[in-house]
Amino acid sequence: MTASSPASVQDEKINWVASLPFIGVHLMCLFVFVTGARPVDVAVCVGLYVLRMWGITAGFHRYFSHRAYQAGRGFQFFIALVGTLAMQKGPLWWAAHHRHHHRYSDQEQDIHSPLQKGFWWSHTGWILCDKYGETRYEHIKDFARFPELVWLNKLHVLPGVLLAAALYLLGGFSMLVWGFFVSTTLLYHGTFTINSLSHVFGSRRYKTTDTSRNNWLLALITLGEGWHNNHHYYQNTANQGWFWWEVDLSYYSLKVLSWVGLVSKLRTPSEQVKNVYLKYTPEERAALNAPFFSSWSAPLAARRKAAGQTVKAAEEKVREALAAAADSLPSPQEPQGLLKP
Ligand SMILES: [Zn+2]
Ligand SMILES: [Zn+2]
């Protein structure tokens, strides 16, 4: 490919050949109609879903992407390994792309914004094209200095294949189908809802420069990630459910792990951060929860325009808040020597 070819356009085409393993994992689920559903197989399916979802949420997301708590080098590798078993590529690839998402959420550069490119693109399309296949090491330099993480990131398929082999040896073909293929497919789509549905369905408590929403059902499916508006408002906290009714199983597990010393320094939001929404006017709250666009069938140009306007309005609010904060600061001393000619 020459430098002058429209690489960015071509690369966003779905690479069906490279996507065959992803499609194959889905198709293998159909064997449940042959194997039936032994209780032990279904239990392994659920157990491995919960364990690996934990690896994604508490590990890839809260630890590697946001550094929301601290862990020793051994336990750091353990959570990276558990997350890698979910077959969503390696920890450095995952976290680097996620950091990029926060930097540009729902703007044109956002690689998986449902508002920019529609539901299916945000849910799976962006993963199936070549353009975003490489690890963006420039966004994850802090963890790329650990050789064992770079190694795991490169050999990310291996742990999952070994898991599949172990399930087959332990419980036969039906345990392979349920424990690996069904569980992994559910994990894919459970995780992907956070990129797709949680930017569309749910309520917005905080003003953010995107359309992130809080959704209790997605929070249950993803062990706490559904409190996505909280998360986009203040992203580096170990908890994403900030009030007692916002169930956040990943955070509860991190709390228990902190009691036994495996993790430490869990970051949580201050009362001031949590309660800032109480200062919003009723009109501001209503505007926050207005539907972003009336229908998925809205023309792309209209959706992009609406997204741009909302982002601009939110940016304006941030600028106003910064200006108000700057007004209340004492004015700096003028350097005397520079004032006189
Ligand atoms: Zn998001
Ligand atoms: Zn995040």
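This is a predicted model: local features need pLDDT of at least 70, side-chain atom pairs count only at pLDDT 80 or more; totals for chains, interfaces and linings use all residues.
Is Arg67 buried, exposed or partly exposed?

**Stop 1: Arg67**

Arg67 sits in the loop that links helix H4 (39-65) to strand E1 (70-71). Inside 10 Å there are 15 C-beta neighbours, so Arg67 counts as partly exposed. Look at the backbone too: the phi of Arg67 is near 50°, which is a positive value in a residue other than glycine.

**Stop 2: the whole protein**

Zoom out and show the whole protein as a cartoon. It has 18 helices and two strands. Of the 341 residues, 37% are buried. Take the contacts with a separation of 6 or more: 68% of them join residues 24 or more positions apart.

Now colour by pLDDT. The mean for the protein is 85, and 82% of the residues reach 70 or more. Select residues 294-299, where pLDDT is below 50 and the model shows three contacts beyond near neighbours in sequence. Then select residues 324-341, another stretch with pLDDT under 50. How many contacts beyond four places in sequence does the model have for residues 324-341? The model has one for that stretch.

**Stop 3: the spans from the UniProt record**

An unreviewed UniProt entry lists residues 14-35, 42-63 and 75-96 under "transmembrane region". Select residues 14-35: 59% of this span is helix and 0% is strand, and its end C-alpha atoms are 32 Å apart. Next select residues 42-63, a span that is 100% helix and 0% strand. The end C-alpha atoms of residues 42-63 lie 29 Å apart.

**Stop 4: Leu20**

Select Leu20, which is placed in helix H2 (residues 20-28). Is Leu20 buried or exposed? Leu20 counts as exposed, because it has 11 C-beta neighbours inside 10 Å, and the cut-off for exposed is 12 or fewer. Leu20 and Leu128 are 108 residues apart in sequence, yet their C-alpha atoms are 9.6 Å apart in space.

**Stop 5: helices H4 and H14**

Show H4 together with helix H14 (residues 249-259). The two pack at an angle of about 75°, and their axes are 10 Å apart. H4 is therefore roughly perpendicular to H14. To see where they meet, select Trp54, Thr57, Ala58 and Arg62 on H4, and Ser250, Ser253 and Leu254 on H14. By class, the residues of this contact are three nonpolar, three polar and one charged.

**Stop 6: Ile79**

Move to Ile79, in helix H5. Is Ile79 buried or exposed? Ile79 is buried, because 23 other C-beta atoms lie within 10 Å, where 20 or more are needed. Leaving aside neighbours within four places in sequence, Ile79 is in contact with Gly55, Ala58, Gly59, Tyr63 and Ala71.

**Stop 7: helices H5 and H10**

In the contact, Phe77, Ala80, Leu81 and Thr84 of H5 meet Glu148, Leu149 and Leu152 of H10. These residues divide into five nonpolar, one polar and one charged.

**Stop 8: Lys89**

Follow the chain to Lys89, in the loop between H5 and helix H6 (91-104). Lys89 is not a glycine, but its phi is positive, at about 65°. With 19 other C-beta atoms within 10 Å, Lys89 is partly exposed.

**Stop 9: Arg136**

Finish at Arg136, in the loop between helix H8 (119-128) and helix H9 (141-144). Arg136 is partly exposed, with 15 other C-beta atoms within 10 Å. Which residues does Arg136 touch, not counting those up to four places away in sequence? They are Ala96, His97 and His100. Arg136 and His97 are 39 residues apart in sequence, and 7.0 Å separates their C-alpha atoms.

How values were computed
Residues are numbered from 1 along each chain as its sequence is written. Chains are lettered from A and ligands numbered from 1 in the order in which they are written. Two residues are in contact if their C-beta atoms, placed from the backbone, lie within 7 Å. Helices (H or I, at least four residues) and strands (E, at least two) are DSSP runs, numbered from the N terminus. Ala, Val, Leu, Ile, Met, Phe, Trp, Tyr, Cys and Pro count as nonpolar, Asp, Glu, Lys and Arg as charged, and the others, Gly among them, as polar. pLDDT is the predictor's confidence in each residue, from 0 to 100. UniProt positions are given in the numbering used here, feature names are shortened, and annotations may be inferred rather than shown by experiment. Axes are lines fitted to C-alpha atoms, for helices over the stretch in contact, and angles run from 0 to 180 degrees between N-to-C directions. Angles under 35 degrees count as roughly parallel, over 145 as roughly antiparallel, 65 to 115 as roughly perpendicular and the rest as oblique.
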